[in-house]
Structures are given as C-alpha cells and as structure tokens.
Amino acid sequence: MHSQPTETDVSADPEAVERVRERRDALAPALGRTWTDDEPWRFLTDLTAIGSRMAGSDGERRAAGIVAEAFERAGLADVDTEPFELDAWERGSAALRVRVPDRGGVGTAREFESIALPYSPAGEVAGELVDVGYGTPAEIDERDVEGRIAVASTTTPDGRFVHRMEKFGYAIDAGAVGFVFVNHLDGQLPPTGSLTFGDEADAVAVGVSKETGAWLREYAAGGGGAGGVGGTRGAGDAAAEAEIAVEATTAPGESRNVVGRAGPDTDERLLLLAHYDGHDIAEGALDNGCGIATVATAAGILTEADLPIGVDVVAVGAEEVGLLGAEHLAETVDLDRIRGVVNVDGAGRFRDLVALAHASDAAASVAESVSTATRQPIAVDAEPHPFSDQWPFVRRGVPALQLHSDSGDRGRGWGHTRADTRDKVDDRNVREHAILTALLVCEFAAPERDVPRLDRDALVAEFRDADFETGMRAADLWPDDWE
C-alpha cells in the first residue's frame, strides 16, 4: 500500500528507548561496517541483472539461489529453500483497439499500447468505454458500467488508498466486461499488477499509460470524471467502442521461500520477511529488490546480536501475484510459537522509513521507541491493510510491522512499470534502513516487551472503520470467519 502515513497515539516507552540505545552501542562495530558495506549494492546488482523475477518463472528460481547465497554470506544458519505450488501466470500479447466516432459519423480505428494485468484470462471483449475516475466503489456506482469496459486510475483521492484488486473486482461485479488500468504518472509507462490472489480472474484487463488514458477518457462515457482530464466531445456524442484482446496462460508451477535462522533455537520465534519476486516487465529494483536487500543486510547485523529468541529470516516468493509465499509460510509454521512478524516491503527505496503497525499498539510502540532512541524519523501508522506479506499472519491474530518508506508522493512511482530499474536505487537508504530494521527486530524480540495477540473482533472493526469491507469483498479477500 502506498498511501501517506497517518498519526498514531502510541508513544515511545522510556525503558524501551534505553534498551535500544544499549543495543545500538553493543552492535556499534556491526552497524559501522554496514554503513560503508558495498554488499547491498552488489546483491541488488546480481538480483536485477536477472530481469524478470515473475512468480513461477526461471528468473524467480535463479533469484532464490542468489538470495540463499546472500543469506549464507550474512552468516545465517540452516539456510534452506522450501518449494510450494502455485498457478503460474505467463504473459502473451495484448491489444487495445478503439473505434472512434468522428464529426461525420464515420469511425476511425486506433490502436494503443497496453499490457495484460497478471491473472487476466486469455480472451477478447468488446464494449463501450466508461470512465470510472479513480475507480472507487462510489464512482463505479455512479456510472452505468453494465456491458462496458471500465477505465480507472492507478491513484485514489485523499484518504485510504484503494487497491487495484478492489477497483477491478467491484467494476466486474457491477457488470463491466473488461478493465483498463491507467497510470497517473507521466512517461508512457503502462502499469502492471495482479488482479487476484493467485487465481485466474473473471475478466480480461490491461494497463495503459497516463498518455493513453487521456485519449481513452476523451472517448469514454462519463469522460472527465474525478480521475480524468476532461473531454472535448459534445454531450450527445456516443462513447467509443473498444476491443481488448489478451493472450496469456495460467498453468501449474512452483515458487519457493528461502529460509535462514539467527539467534538461539528457542520455541518462541520472530519472523523477518521480504519478498524477492518481481513483475516480469522490469528489474524490480525498488519493488522489492530494495526490501530483500534491506533484509539480507539486516541479517548480517542480527547474526552478531545477543538475541533473546530465535529469528527466522525468510525471503518469500510469489508476493506480487497474491502473497502466496507468505500464505504458504503461515500455513506451515506453528503460529503459536510466532511472537510477531516484521515484513519489509517498501523499505530501502526512499529516505524516510515508515512503519505500518496493522492495529497492534505493541508493534507501533516498537517503532516509536527505535525512532526516539536513534533520532531517526520513522512515521508510524496503525491502520491495517491486506495487500502485503503481513496479511496472512495479521488475519490469524499475529502482530506485525510492515516497513515501508515515504517518497513524498502518492502511489507506486516507478513500481510496477518497466522503469523500476537499478538506477533508481540509492543504496544508502538500503544500508540505513537495514540498521533500523535490525534494531526494530531486536526490540520486538525483547523479553521485557509484551506483545499481545490481535483480537479478531477488534481487527474486524479496524478494517471496517478504515472502509475496507466493500473493496475486500469485491476482491474476494474478506475472510469467511469475519462474517
């Protein structure tokens, strides 16, 4: 998720602040080496040189090997690779053709660049274009989308960030026959992103650039809506007919998690996660090359820490297509032994760290205490969301922190486009966030810290208060036991 962080009422614990300072001093040699280490950049170079790390692909398999080697260099024990099955989606071609009415009533055919969104089925659909603005449920309800192709922006208005899966699911449930996802940033960059959590979707869908989206909204019914740019067609002009054709396959495949261990072999454990897969159209340097580089670097610090409990460091696969590696992990570990989860998805990209506490005051307090002790700004947001690898654990009651970073802009930026390349990375952010990640893990693991389980009813209320229920139901993400 990429909305701006909100304030939290949780404050730093003075005793925890002192603990963090003592731990920082004890780890000073390791922290100092990390500050100047070139390993994060070399690791990122190896990872991004692969190209596509799409879930279930050969590139993802090769990336798992590179991560395992990095874990071993960091000094983690018992490094192993754990495979799991998935429905692997593979991209073919995509075409978007529009029959544009002109003043004389004679249509002109135009073809625009587009890319299929993962788990779009193969097939062709045709229908009028309809501009649904940002694609929020309220906007879709205001438009007649039945039998039409919905055109929605990648961004959302102020407030909660509405995820792509919510927009797609709600539009298709409302009767749309196809979906076009329009980047809100300049640069001729069609966006990608999965339509579902691991299953073939119910309708074809493509991503297009902001520049293409401006034309499509010009031709669409309802053009000039909240997410649009306005049009020049007259009020009585008919909406343009469009055709979307997608070639893609979904077939049984295999992904894998890479696991290593730091600290003592205790019954109680802490999980430190980051996903290492990426989308097939780019190098995945920011999303989530920076995140897994942050974790691999933090692991080297943790191997020198006097940890009170064991920490399982896990690089999870297949996050981008449905959190599948994290789901496999949550189903196969004994959750009663897991104190909490630190999920690094978005850290290392930009200057300032953001800690999403997912309705856990204890997790929020960990972040506030580390921020205060290190005099490093960490924006803490307590609001939960279901769109990263902490979700399989949070919905089962395990407290979690998700570590992100703030660009100052709304949305993914270069992420999920072909511009997500290594040249966008400043590895000083990776090294600094790795230091903070290690200190956060140590404080989360502290025996003096009480970390209660999440209460299900309270968690459901948090999601409802944040206005997630409608969108999550549309995306088929609302848990059955939350009824």
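A salt bridge is taken here as a side-chain nitrogen of Lys or Arg within 4 Å of a carboxyl oxygen of Asp or Glu. I worked from a predicted model.

Entry 1: Arg24 is partly exposed, with a relative accessible area of 30%.

**Entry 2: helix α1.** I checked the length of α1, residues 14-26. At 1.5 Å a residue its 13 residues should span 18 Å, and the end C-alpha atoms lie 19 Å apart, which agrees. I then listed the buried residues of α1: Ala16, Val17, Arg19, Val20 and Arg23. They lie on the same side of the helix because they cover an arc of only 160 degrees around its axis. These buried residues pack against α10 (361-374) and α12 (427-444). On the other side of α1, I noted Pro14 and Glu15 as exposed. At the N-terminal end I found Asp13 as the cap, with a side-chain oxygen 3.1 Å from the backbone nitrogen of Glu15.

**Entry 3: α1 to α12.** I followed Arg23 to Glu443, with which Arg23 forms a salt bridge; the closest N and O atoms are 3.4 Å apart. The pair joins helix α1 to helix α12 across 420 residues. Glu443 is buried at 0% relative accessible area, and Arg23 is buried at 18%. I also recorded a network of salt bridges linking Arg19, Arg23, Glu443, Glu448 and Arg449.

**Entry 4: total.** I counted 32 salt bridges in the structure.

Note on methods: Residues numbered from 1 in each chain as written. Predicted model: local features only at pLDDT ≥ 70, side-chain atom pairs only at ≥ 80, totals over all residues. Heavy atoms only, no water. Helix = DSSP H or I, 4+ residues; strand = E, 2+ residues; numbered from the N terminus. Expected span 1.5 Å × (residues − 1). Buried < 20%, exposed > 50% of the residue type's maximum accessible area, 1.4 Å probe, protein only. Arc of directions from axis to C-beta. Contact = heavy atoms within 4.5 Å. Polar contact = N/O pair within 3.5 Å; in protein donor to acceptor, adjacent residues only side chain to side chain.
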